[in-house]
Amino acid sequence: MADRFGIDAPATIVFSLFYAVFCTGFIYQSKEFSGAGLSPEIFLSYNDWIGSEELRFFNYHMKRTAGSMVLHSLLPAGYFLGYSYFTSIIDGNHSNMSDFWAHWPVFWNVLLVSIMMPLIATTTVWLWSLNGWERHPFIAKLKLYASNNTWRQVAADVETEFRRIDKISIRTNPLSKVVVTDNWIVMVGAWPWSLQLSHQSDVSLQLASSEHHRISTEGEIGGAQFLHIKVINRKPEHSSFIFRLNSLEYQNLQDKVTGTIGNFENIQVYKTVSERFVDVFKEQISENPRVSVTDELEPCIGCMAQTANVKIQRTCESSQEGGAAAGGGGADGAGEADACVNCYCRPMWCIDCMAKWFASRQDQSSPETWLGSKCPCPTCRSKFCVRDVRLIE
(Lines give C-alpha, C1' and ligand atoms only; values in the text may rest on other atoms or scores of the structure.)
Protein backbone atom coordinates (compact mmCIF):
# COMPACT_ATOMS: atom_id res chain seq x y z
CA MET A 1 0.00 0.00 0.00
CA ALA A 2 2.88 2.36 0.84
CA ASP A 3 4.54 1.69 -2.55
CA ARG A 4 1.26 2.20 -4.40
CA PHE A 5 0.67 5.69 -3.00
CA GLY A 6 4.31 6.68 -2.59
CA ILE A 7 3.96 6.96 1.20
CA ASP A 8 6.58 5.59 3.57
CA ALA A 9 6.02 7.26 6.93
CA PRO A 10 8.32 6.17 9.77
CA ALA A 11 6.65 3.96 12.35
CA THR A 12 7.56 6.44 15.08
CA ILE A 13 5.45 9.14 13.38
CA VAL A 14 2.46 6.83 13.06
CA PHE A 15 2.86 5.71 16.67
CA SER A 16 3.17 9.30 17.92
CA LEU A 17 -0.02 10.36 16.12
CA PHE A 18 -1.91 7.32 17.38
CA TYR A 19 -0.67 7.81 20.94
CA ALA A 20 -1.61 11.52 20.90
CA VAL A 21 -5.16 10.63 19.85
CA PHE A 22 -5.34 7.90 22.48
CA CYS A 23 -4.09 10.15 25.30
CA THR A 24 -6.47 12.96 24.32
CA GLY A 25 -9.46 10.64 24.25
CA PHE A 26 -8.46 8.80 27.42
CA ILE A 27 -7.79 11.91 29.50
CA TYR A 28 -10.71 14.04 28.27
CA GLN A 29 -13.06 11.05 27.95
CA SER A 30 -14.78 11.55 24.62
CA LYS A 31 -18.00 9.63 24.06
CA GLU A 32 -16.25 7.29 21.64
CA PHE A 33 -13.64 6.28 24.20
CA SER A 34 -16.17 5.91 27.01
CA GLY A 35 -18.42 3.84 24.78
CA ALA A 36 -15.51 1.56 23.91
CA GLY A 37 -14.73 1.00 27.59
CA LEU A 38 -11.47 3.00 27.50
CA SER A 39 -12.03 5.06 30.64
CA PRO A 40 -10.36 5.13 34.08
CA GLU A 41 -13.61 4.00 35.72
CA ILE A 42 -13.65 0.79 33.68
CA PHE A 43 -10.07 -0.11 34.62
CA LEU A 44 -10.59 0.83 38.27
CA SER A 45 -13.79 -1.19 38.47
CA TYR A 46 -11.77 -4.40 38.20
CA ASN A 47 -12.71 -6.64 41.12
CA ASP A 48 -15.08 -3.83 42.24
CA TRP A 49 -12.20 -1.76 43.65
CA ILE A 50 -13.88 1.64 43.48
CA GLY A 51 -17.22 0.32 44.70
CA SER A 52 -20.63 1.88 44.07
CA GLU A 53 -21.26 5.60 43.69
CA GLU A 54 -24.86 5.13 44.80
CA LEU A 55 -23.91 3.51 48.12
CA ARG A 56 -20.72 5.36 49.05
CA PHE A 57 -20.47 8.53 47.01
CA PHE A 58 -17.28 10.03 48.47
CA ASN A 59 -15.43 6.73 48.83
CA TYR A 60 -16.20 6.01 45.16
CA HIS A 61 -14.95 9.37 43.91
CA MET A 62 -11.87 9.43 46.17
CA LYS A 63 -10.78 6.10 44.71
CA ARG A 64 -11.78 7.14 41.20
CA THR A 65 -9.82 10.40 41.23
CA ALA A 66 -6.79 8.83 42.93
CA GLY A 67 -6.77 5.90 40.51
CA SER A 68 -7.19 8.23 37.53
CA MET A 69 -4.13 10.18 38.64
CA VAL A 70 -2.07 6.97 38.69
CA LEU A 71 -3.35 5.86 35.27
CA HIS A 72 -2.66 9.27 33.74
CA SER A 73 0.86 9.27 35.19
CA LEU A 74 1.60 6.07 33.22
CA LEU A 75 0.97 7.72 29.85
CA PRO A 76 4.33 9.56 29.44
CA ALA A 77 6.33 6.43 30.25
CA GLY A 78 4.19 4.44 27.83
CA TYR A 79 4.97 6.89 25.05
CA PHE A 80 8.74 6.96 25.59
CA LEU A 81 8.96 3.18 25.84
CA GLY A 82 6.81 2.78 22.74
CA TYR A 83 8.84 5.35 20.81
CA SER A 84 12.05 3.55 21.76
CA TYR A 85 10.65 0.24 20.53
CA PHE A 86 9.33 1.57 17.21
CA THR A 87 12.44 3.55 16.29
CA SER A 88 14.76 0.66 17.21
CA ILE A 89 12.89 -2.50 16.24
CA ILE A 90 10.28 -1.44 13.65
CA ASP A 91 12.16 1.35 11.85
CA GLY A 92 15.52 -0.38 12.41
CA ASN A 93 17.38 2.83 13.20
CA HIS A 94 19.25 1.09 16.02
CA SER A 95 20.21 -2.50 16.77
CA ASN A 96 18.20 -2.51 20.01
CA MET A 97 16.54 -0.18 22.48
CA SER A 98 19.65 -0.02 24.69
CA ASP A 99 21.68 1.21 21.72
CA PHE A 100 19.05 3.90 21.07
CA TRP A 101 19.20 5.08 24.68
CA ALA A 102 23.00 5.10 24.60
CA HIS A 103 22.94 7.19 21.42
CA TRP A 104 20.36 9.58 22.88
CA PRO A 105 21.18 9.98 26.62
CA VAL A 106 18.71 12.88 26.95
CA PHE A 107 15.92 10.56 25.88
CA TRP A 108 17.05 8.02 28.46
CA ASN A 109 17.00 10.66 31.22
CA VAL A 110 13.51 11.77 30.22
CA LEU A 111 12.37 8.14 30.26
CA LEU A 112 13.68 7.74 33.81
CA VAL A 113 11.77 10.83 34.91
CA SER A 114 8.59 9.53 33.26
CA ILE A 115 9.01 6.19 35.08
CA MET A 116 9.30 8.07 38.37
CA MET A 117 5.94 9.75 37.82
CA PRO A 118 3.74 6.63 38.35
CA LEU A 119 5.94 5.60 41.29
CA ILE A 120 5.40 8.97 42.95
CA ALA A 121 1.69 8.93 42.11
CA THR A 122 1.25 5.41 43.49
CA THR A 123 3.09 6.31 46.69
CA THR A 124 0.96 9.42 47.12
CA VAL A 125 -2.27 7.46 46.65
CA TRP A 126 -1.07 4.85 49.16
CA LEU A 127 -0.44 7.58 51.74
CA TRP A 128 -3.88 9.06 51.07
CA SER A 129 -5.55 5.67 51.54
CA LEU A 130 -4.19 5.15 55.06
CA ASN A 131 -6.74 5.30 57.87
CA GLY A 132 -9.72 5.18 55.56
CA TRP A 133 -8.51 7.82 53.06
CA GLU A 134 -7.98 10.32 55.85
CA ARG A 135 -5.37 12.28 53.87
CA HIS A 136 -7.22 12.51 50.55
CA PRO A 137 -7.72 16.15 49.34
CA PHE A 138 -11.50 15.60 49.44
CA ILE A 139 -11.32 15.35 53.23
CA ALA A 140 -10.07 18.93 53.60
CA LYS A 141 -13.28 20.17 51.95
CA LEU A 142 -15.45 17.92 54.12
CA LYS A 143 -13.74 19.08 57.32
CA LEU A 144 -14.80 22.66 56.63
CA TYR A 145 -18.37 21.59 57.44
CA ALA A 146 -17.37 19.35 60.36
CA SER A 147 -17.42 21.97 63.12
CA ASN A 148 -19.74 19.95 65.38
CA ASN A 149 -19.25 16.49 63.85
CA THR A 150 -16.50 14.50 62.17
CA TRP A 151 -15.97 14.69 58.42
CA ARG A 152 -17.34 11.16 58.17
CA GLN A 153 -20.68 12.35 59.53
CA VAL A 154 -20.76 15.15 56.94
CA ALA A 155 -20.00 12.64 54.21
CA ALA A 156 -22.72 10.32 55.53
CA ASP A 157 -25.28 13.15 55.46
CA VAL A 158 -24.43 14.02 51.85
CA GLU A 159 -24.49 10.36 50.80
CA THR A 160 -27.88 9.83 52.44
CA GLU A 161 -29.35 12.66 50.37
CA PHE A 162 -27.55 11.42 47.25
CA ARG A 163 -29.33 8.07 47.50
CA ARG A 164 -32.71 9.77 47.24
CA ILE A 165 -34.39 9.63 43.86
CA ASP A 166 -35.23 13.35 43.74
CA LYS A 167 -31.60 14.49 43.49
CA ILE A 168 -30.35 16.22 40.33
CA SER A 169 -27.18 14.96 38.67
CA ILE A 170 -25.92 17.15 35.83
CA ARG A 171 -23.03 16.10 33.62
CA THR A 172 -21.39 19.49 32.98
CA ASN A 173 -18.67 18.03 30.74
CA PRO A 174 -17.07 14.61 30.14
CA LEU A 175 -14.84 15.04 33.19
CA SER A 176 -17.07 16.58 35.86
CA LYS A 177 -20.61 16.66 37.11
CA VAL A 178 -22.73 18.59 39.59
CA VAL A 179 -25.06 16.92 42.07
CA VAL A 180 -27.79 18.96 43.78
CA THR A 181 -29.58 17.38 46.73
CA ASP A 182 -32.06 18.84 49.19
CA ASN A 183 -29.33 20.68 51.13
CA TRP A 184 -26.05 20.30 49.25
CA ILE A 185 -24.40 21.30 45.98
CA VAL A 186 -21.50 19.00 45.08
CA MET A 187 -19.19 19.26 42.08
CA VAL A 188 -16.67 16.49 41.33
CA GLY A 189 -14.16 16.24 38.52
CA ALA A 190 -11.44 13.92 37.27
CA TRP A 191 -8.67 14.92 39.68
CA PRO A 192 -8.29 14.56 43.48
CA TRP A 193 -8.42 18.33 43.96
CA SER A 194 -11.62 18.84 41.99
CA LEU A 195 -14.22 18.57 44.78
CA GLN A 196 -16.42 21.59 45.44
CA LEU A 197 -18.89 21.25 48.31
CA SER A 198 -21.37 23.87 49.51
CA HIS A 199 -24.42 23.83 51.72
CA GLN A 200 -27.38 25.48 50.02
CA SER A 201 -27.98 27.77 53.01
CA ASP A 202 -24.51 29.28 52.53
CA VAL A 203 -24.62 30.04 48.81
CA SER A 204 -26.32 32.19 46.22
CA LEU A 205 -26.48 31.22 42.56
CA GLN A 206 -26.07 33.63 39.67
CA LEU A 207 -26.22 33.38 35.91
CA ALA A 208 -22.74 34.46 34.87
CA SER A 209 -22.89 34.10 31.06
CA SER A 210 -24.26 32.00 28.23
CA GLU A 211 -23.00 30.58 24.96
CA HIS A 212 -24.86 29.40 21.87
CA HIS A 213 -23.91 26.59 19.51
CA ARG A 214 -25.63 26.04 16.19
CA ILE A 215 -24.75 22.34 16.27
CA SER A 216 -25.41 20.23 19.35
CA THR A 217 -23.27 17.20 20.16
CA GLU A 218 -26.35 15.64 21.75
CA GLY A 219 -28.35 15.91 18.54
CA GLU A 220 -30.71 18.61 19.82
CA ILE A 221 -32.65 20.24 17.01
CA GLY A 222 -31.74 23.89 16.48
CA GLY A 223 -28.44 23.81 18.36
CA ALA A 224 -27.89 24.31 22.07
CA GLN A 225 -27.48 27.03 24.66
CA PHE A 226 -25.15 26.53 27.62
CA LEU A 227 -25.35 28.59 30.79
CA HIS A 228 -22.52 29.32 33.22
CA ILE A 229 -23.83 29.23 36.78
CA LYS A 230 -21.72 30.82 39.51
CA VAL A 231 -22.08 29.41 43.02
CA ILE A 232 -21.06 32.14 45.47
CA ASN A 233 -20.37 31.01 49.03
CA ARG A 234 -20.92 33.55 51.78
CA LYS A 235 -18.30 31.95 54.03
CA PRO A 236 -14.76 33.13 53.20
CA GLU A 237 -13.17 29.74 53.94
CA HIS A 238 -15.28 28.14 51.21
CA SER A 239 -14.35 28.88 47.61
CA SER A 240 -16.89 29.85 44.98
CA PHE A 241 -17.05 27.96 41.71
CA ILE A 242 -18.69 27.99 38.28
CA PHE A 243 -20.28 25.13 36.40
CA ARG A 244 -21.82 24.84 32.94
CA LEU A 245 -25.16 23.27 32.05
CA ASN A 246 -27.51 22.98 29.12
CA SER A 247 -30.33 25.51 29.20
CA LEU A 248 -32.82 22.63 28.95
CA GLU A 249 -31.74 21.59 32.47
CA TYR A 250 -31.98 25.11 33.91
CA GLN A 251 -35.56 24.79 35.13
CA ASN A 252 -34.82 21.49 36.90
CA LEU A 253 -31.94 23.19 38.71
CA GLN A 254 -34.10 26.18 39.64
CA ASP A 255 -36.76 23.88 41.08
CA LYS A 256 -34.22 21.99 43.20
CA VAL A 257 -32.23 24.82 44.79
CA THR A 258 -33.78 26.52 47.79
CA GLY A 259 -33.19 30.08 46.58
CA THR A 260 -33.61 31.80 43.26
CA ILE A 261 -30.90 31.96 40.61
CA GLY A 262 -29.96 35.60 40.10
CA ASN A 263 -29.93 36.94 36.57
CA PHE A 264 -28.36 40.36 36.95
CA GLU A 265 -27.03 40.32 33.38
CA ASN A 266 -30.56 39.80 31.98
CA ILE A 267 -29.48 36.68 30.13
CA GLN A 268 -32.30 35.13 28.16
CA VAL A 269 -32.60 31.43 28.84
CA TYR A 270 -33.84 29.39 25.88
CA LYS A 271 -35.50 26.12 26.66
CA THR A 272 -36.78 24.80 23.34
CA VAL A 273 -36.32 25.34 19.63
CA SER A 274 -39.77 26.90 19.46
CA GLU A 275 -38.85 29.53 22.04
CA ARG A 276 -35.70 30.42 20.12
CA PHE A 277 -37.78 30.68 16.96
CA VAL A 278 -40.14 33.16 18.62
CA ASP A 279 -37.35 35.75 18.83
CA VAL A 280 -36.37 35.25 15.19
CA PHE A 281 -40.01 35.47 14.15
CA LYS A 282 -40.51 38.75 16.04
CA GLU A 283 -37.38 40.26 14.50
CA GLN A 284 -38.63 39.39 11.02
CA ILE A 285 -42.12 40.76 11.68
CA SER A 286 -40.66 44.05 12.93
CA GLU A 287 -39.20 44.58 9.44
CA ASN A 288 -42.58 44.12 7.71
CA PRO A 289 -44.76 47.15 6.90
CA ARG A 290 -47.19 48.05 9.67
CA VAL A 291 -50.94 48.20 9.27
CA SER A 292 -53.67 50.43 10.70
CA VAL A 293 -57.03 49.05 11.82
CA THR A 294 -60.27 50.66 12.89
CA ASP A 295 -61.50 47.75 15.03
CA GLU A 296 -61.18 47.96 18.79
CA LEU A 297 -58.34 45.71 19.87
CA GLU A 298 -59.22 42.99 22.36
CA PRO A 299 -57.08 40.69 24.49
CA CYS A 300 -55.27 37.94 22.59
CA ILE A 301 -57.44 34.81 22.54
CA GLY A 302 -54.33 32.67 22.83
CA CYS A 303 -52.94 33.95 26.14
CA MET A 304 -55.52 36.55 27.31
CA ALA A 305 -52.55 38.42 28.81
CA GLN A 306 -51.59 40.79 25.98
CA THR A 307 -53.62 42.87 23.60
CA ALA A 308 -53.89 41.56 20.06
CA ASN A 309 -51.21 43.42 18.10
CA VAL A 310 -50.75 41.62 14.76
CA LYS A 311 -52.88 41.14 11.66
CA ILE A 312 -52.47 38.77 8.72
CA GLN A 313 -52.59 40.74 5.48
CA ARG A 314 -51.41 39.16 2.24
CA THR A 315 -48.41 40.98 0.77
CA CYS A 316 -45.92 38.33 -0.33
CA GLU A 317 -45.10 37.61 -3.98
CA SER A 318 -46.22 33.97 -3.71
CA SER A 319 -49.82 35.15 -3.47
CA GLN A 320 -49.53 36.96 -6.81
CA GLU A 321 -47.83 33.93 -8.37
CA GLY A 322 -50.58 31.74 -6.98
CA GLY A 323 -53.22 34.06 -8.47
CA ALA A 324 -51.58 33.80 -11.88
CA ALA A 325 -51.45 30.06 -11.54
CA ALA A 326 -55.19 29.94 -10.87
CA GLY A 327 -55.88 30.55 -14.55
CA GLY A 328 -53.91 27.44 -15.59
CA GLY A 329 -54.12 23.82 -14.72
CA GLY A 330 -51.94 20.78 -14.02
CA ALA A 331 -48.70 21.87 -12.36
CA ASP A 332 -50.00 25.41 -11.96
CA GLY A 333 -52.77 24.06 -9.79
CA ALA A 334 -50.16 22.82 -7.34
CA GLY A 335 -48.66 26.31 -7.18
CA GLU A 336 -52.08 27.74 -6.36
CA ALA A 337 -52.56 25.24 -3.54
CA ASP A 338 -49.27 26.31 -1.95
CA ALA A 339 -49.77 30.05 -2.40
CA CYS A 340 -50.71 32.49 0.34
CA VAL A 341 -54.36 33.62 0.31
CA ASN A 342 -56.27 36.54 1.74
CA CYS A 343 -57.23 36.44 5.41
CA TYR A 344 -60.22 38.54 6.50
CA CYS A 345 -60.02 37.83 10.23
CA ARG A 346 -59.94 40.79 12.59
CA PRO A 347 -56.87 41.09 14.88
CA MET A 348 -57.24 38.42 17.55
CA TRP A 349 -53.68 37.34 18.35
CA CYS A 350 -50.53 38.82 19.90
CA ILE A 351 -47.19 38.40 18.17
CA ASP A 352 -45.89 35.88 20.75
CA CYS A 353 -48.86 33.55 20.36
CA MET A 354 -48.76 33.92 16.58
CA ALA A 355 -45.07 32.95 16.58
CA LYS A 356 -45.74 29.90 18.77
CA TRP A 357 -48.63 28.86 16.51
CA PHE A 358 -46.46 29.28 13.42
CA ALA A 359 -43.72 27.11 14.95
CA SER A 360 -46.16 24.41 16.06
CA ARG A 361 -47.41 23.94 12.49
CA GLN A 362 -43.95 23.32 11.01
CA ASP A 363 -41.85 20.20 10.46
CA GLN A 364 -40.24 19.76 13.88
CA SER A 365 -37.29 17.86 12.43
CA SER A 366 -36.26 20.75 10.13
CA PRO A 367 -36.28 24.00 12.14
CA GLU A 368 -33.98 25.64 9.60
CA THR A 369 -36.91 25.75 7.13
CA TRP A 370 -39.49 27.26 9.47
CA LEU A 371 -38.93 30.91 8.59
CA GLY A 372 -39.46 30.29 4.88
CA SER A 373 -42.47 28.02 5.31
CA LYS A 374 -46.20 28.72 5.37
CA CYS A 375 -48.85 28.19 8.00
CA PRO A 376 -52.67 28.20 8.20
CA CYS A 377 -54.37 31.06 10.02
CA PRO A 378 -55.29 29.86 13.53
CA THR A 379 -58.84 31.15 13.02
CA CYS A 380 -59.88 30.69 9.37
CA ARG A 381 -57.05 28.40 8.15
CA SER A 382 -56.08 30.74 5.31
CA LYS A 383 -52.50 30.03 4.34
CA PHE A 384 -49.93 32.77 5.08
CA CYS A 385 -46.16 33.23 5.45
CA VAL A 386 -43.96 35.37 7.70
CA ARG A 387 -44.07 38.29 5.29
CA ASP A 388 -47.88 38.44 5.63
CA VAL A 389 -47.85 39.12 9.37
CA ARG A 390 -47.95 42.82 10.24
CA LEU A 391 -47.73 44.68 13.49
CA ILE A 392 -50.63 47.04 14.23
CA GLU A 393 -49.78 50.71 14.55
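Buried here means under 20% relative accessible area, exposed means over 50%, and partly exposed lies in between, with a 1.4 Å probe and protein chains only. Helices (H or I, at least four residues) and strands (E, at least two) are DSSP runs numbered from the N terminus.

The model is predicted, so that local features need pLDDT of at least 70 and side-chain atom pairs count only at pLDDT 80 or more, while totals for chains, interfaces and linings use all residues. Residues are numbered from 1 along each chain as its sequence is written, and side-chain values use heavy atoms, with hydrogens and water left out.

## Exercise 1

Find the strands that pair with strand 3 and state in which sense they run.

**Solution.** Two strands pair if DSSP finds at least two bridges between them.

1. Strand 2 (residues 176-180) pairs with strand 3 in the antiparallel sense over four bridges, and the two form a hairpin with three residues between them.
2. Strand 4 (residues 196-199) also pairs with strand 3 in the antiparallel sense, over four bridges.
3. At the residue level, V186 is the bridge partner of V179, and L197 in strand 4 is the bridge partner of V186.
4. In a regular strand the side chains alternate between the two faces of the sheet. Strand 3 (residues 184-188) has five of its five residues buried.

## Exercise 2

**Solution.** 

## Exercise 3

Compare the reach of helix 5 and of helix 7 with the span expected for each, and say what covers helix 7.

**Solution.** The expected span is 1.5 Å times one less than the number of residues in the helix.

1. Helix 5, with 34 residues, reaches 46 Å from its first C-alpha to its last, close to the expected 50 Å. Of these 34 residues, 24 are buried, and the helix is followed by G92, whose phi is positive, near 70°.
2. Helix 7 (residues 105-133), with 29 residues, reaches 40 Å, close to the expected 42 Å.
3. The buried residues of helix 7 include F107, L111, P118 and W128, and their cover includes helix 5 (57-90), helix 6 (97-103) and helix 8 (137-143).

## Exercise 4

**Solution.** Contact means heavy atoms within 4.5 Å.

1. K63 is in helix 5 and is buried, with a relative accessible area of 16%.
2. The C-alpha atoms of K63 and W133 are 8.8 Å apart, although 70 residues separate the two along the chain.
3. A polar atom of the K63 side chain lies 3.0 Å from the backbone oxygen of W49.
4. E159, in helix 9 (residues 151-162), is buried yet has no salt bridge, and the nearest side chain of opposite charge, R163, is 4.6 Å away. A salt bridge requires a side-chain nitrogen of Lys or Arg within 4 Å of a carboxyl oxygen of Asp or Glu.
5. A polar atom of the E159 side chain lies 3.1 Å from the backbone nitrogen of F58.

## Exercise 5

Trace the network of salt bridges that includes K256, and say which parts of the chain the pairs link.

**Solution.** 

1. D166 forms a salt bridge with K256, with the closest N and O atoms 3.3 Å apart. D166 lies in the loop between helix 9 and strand 1 (168-173) and K256 in helix 10 (residues 250-256), so the pair ties together parts 90 residues apart in sequence.
2. D182 also forms a salt bridge with K256, at 2.6 Å between the closest N and O atoms. This pair links the loop between strand 2 and strand 3 with helix 10, across 74 residues.
3. Shared partners join R164, D166, D182 and K256 into one network.
4. K256 is buried at 14% relative accessibility, whereas D166 at 40% and D182 at 27% are partly exposed.

Definitions and conventions: Lys and Arg count as positive and Asp and Glu as negative; His and the chain ends are not counted. A polar contact is a pair of N or O atoms within 3.5 Å; within protein, one must be able to donate a hydrogen and the other to accept it, and residues adjacent in sequence count only if both atoms are side-chain atoms.
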